[in-house]
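Open the structure in your viewer and keep the selection panel to hand.

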Amino acid sequence: MLEIAGLRAGYGTVEILRGVDLVVGKGEIVALLGSNGAGKSTLNNTVCGLYRPFGGAVQFDGRNIADAASMSIVQAGLIQVPEGRRVFPNLSVRDNLELGSYRRGKPARRHNLDRVIGIFPRLGERLQQAAGTLSGGEQQMLAIGRGLMGEPKLLILDEPSLGLSPVLVEEMFALIRRLNGDGLSILLVEQNVMQSLAIAHRAYVLENGQIALSGPAADLAQHPDLRRSYLGQ
Amino acid sequence: MLDPGILFAGVLNGLLAGGVYVLVAVGLTLIYGVLHIINFAHGSLLMLAMYAVFFLWRLTGVDPYAALPIVIGGAFVFGYILYRLVIGRLSHGRDENILLITLGVSIVIDNVALLIFGGDTQTIETPYASSFVELGAALLPLPKIISFVASLLLCIVLGLFLARSDTGKAIRAVARERQGARLVGIDVDNIFALSYGIGIACLGAAACLLMPTYYVTPSSGHAFVLVAFTIVVLGGMGSFAGAAVGGLVIGVIESLGGLLLGEQLGQIGISVVFILILLLKPSGLFGARQ
Ligand SMILES: Nc1ncnc2c1ncn2[C@@H]1O[C@H](COP(=O)(O)OP(=O)(O)O)[C@@H](O)[C@H]1O
Ligand SMILES: [Mg+2]
């Protein structure tokens, strides 16, 4: 579904990603792990067309999207729920959700809106409220709901558990598993290592702009390097 | 003390004049809200639109009110293309560059206008220019009533467009969250150009509504923009509702200032308001949300 090969990217002349290979297959949850500043968000944003890559190949659904504009990448069904939510604070919850189908999924907007409200009843109770006045957890739901409104083939979630209470984090991971159960392919970018490995099929560990480890999630969970770096064991 | 009848007439006249101010200010505040810059070319583009109305009338005999759809459409296309070809391209996506480029555009337009049109004052003669409507103690010029009603209608249409349509929502989304907008597939550069075009279309409408009672010279845009800028600051930078309310308030202040201090000094009221807002509530009446 998504195939990244030798991706180099960064800002201005500073190279952050130094040759990254990563694959997400249809129906998979793939976790992309790594500490703060490793380059995870740079990877997402480059793949989604917010920044031009310096080099390398990005294929989505059999199509080269390395130099495509963000809108045509959304059109193709690759949708990102960004770090920090980036909802539209001045628009109502309903308008935020409707704009999720601005480029894609517009014909089924009503149906998808009902579906998203079914997943997040709290959003349904707040449809007229300005998104900027929602709590952090509600904004995260809204960002995911907005992403789902575009009928993604592959959903990239960038640190969805960031800033949530432990109970909400549990709910978030359960939700991700449920969405995947309904057939959605997911690239889950997280610092929450063990919980991510528990629901992912495969995982990659990004360090200093390169993939340091990769493999089936169950294997990585046992990997001594990973346990040492992230769990201090 | 002033006679209540005169005061009443002054307030009404001020409200009527405020209608066109609202249009000019709404265009300015929309461009500010989305692009985060003061459009320094606003006055020059208003002046160009006024010349367009003048020449349409002079060369083809089209009445300024009948010219509304043509001039609004033409101004939109002109603004859109100006953004696409000049402002957007030269700014390389940096807000502070856009500011300087609009200033440059304004200087170029003013001087080209002076070169081509000369410095003479041009006016339009219409049969209804000196018609009045009596309302209680007030005698109101018909063209001002028309311009007030048309301005408000156009603002309502624009407000509904921004509130209801997908493109309008996208404009409001881009105003506050550009990255989020890109991630739902909004063509942000196109929204910039559209917003600029709509802001200039407001000037096109204002030009049609002004010309029956006003004159045009290459420098006549600037007076309006100073007023419009005060309105935008009063209402809150980027606030649509603020521009609407602020426009009417400023119209009344100018009119009453003229009554109390004489025509020449009426504008002092506006400057005083401007300074008071900056001192007391810099975010403006509707700007607290920012
Ligand atoms: N917009 C930007 N401009 C310049 N440097 C950036 C920008 N965003 C991130 N960086 C830098 O790129 C590196 C990787 O950041 P990021 O991709 O956000 O990491 P992660 O998401 O893994 O925490 C960091 O050193 C960060 O400072
Ligand atoms: Mg990040």
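Begin with F54(B), which is buried at a relative accessible area of 0% (buried is under 20%, exposed over 50% and partly exposed in between, with a 1.4 Å probe and protein chains only). This is a predicted model, in which local features need pLDDT of at least 70 and side-chain atom pairs count only at pLDDT 80 or more, while totals for chains, interfaces and linings use all residues. Residues are numbered from 1 along each chain as its sequence is written, chains are lettered from A and ligands numbered from 1 in the order in which they are written, and side-chain values use heavy atoms, with hydrogens and water left out.

Over all chains, the structure has 14 aromatic pairs. In the pair F54(B) and W57(B), the ring centres are 6.3 Å apart and the planes are at 40°, so the pair is tilted (rings of Phe, Tyr and Trp, the last by its six-membered ring, pair with centres within 6.5 Å; planes under 30 degrees apart are stacked, over 60 edge-to-face, the rest tilted).

Next, select Y214(B), partly exposed at 26%, and F224(B), buried at 6%.

Now go to chain A for charges over rings. R146(A) lies over the face of F88(A), 4.8 Å from the ring centre (NZ of Lys or CZ of Arg must be within 6 Å of the centre and within 35 degrees of the ring normal). At Y102(A), the charged end of K106(A) sits over the ring, 5.6 Å from its centre.

Keep R146(A) selected: R146(A) is one of the residues lining the largest cavity, along with Q80(A), G147(A) and L183(B) (on a 1 Å grid over the protein atoms alone, a cavity is a set of points where a 1.4 Å probe fits but cannot get out; lining residues have an atom within 4 Å of a point). Two or more lining residues come from each of β6 (78-81) and α6 (136-149) of chain A.

Finish with the second largest cavity, whose lining includes C48(A), S70(A) and R182(B).

Notes
On a 1 Å grid over the protein atoms alone, a cavity is a set of points where a 1.4 Å probe fits but cannot get out, and a pocket is an open set with protein on both sides within 12 Å along at least five of seven lines; lining residues have an atom within 4 Å of a point. Helices (H or I, at least four residues) and strands (E, at least two) are DSSP runs, numbered from the N terminus.
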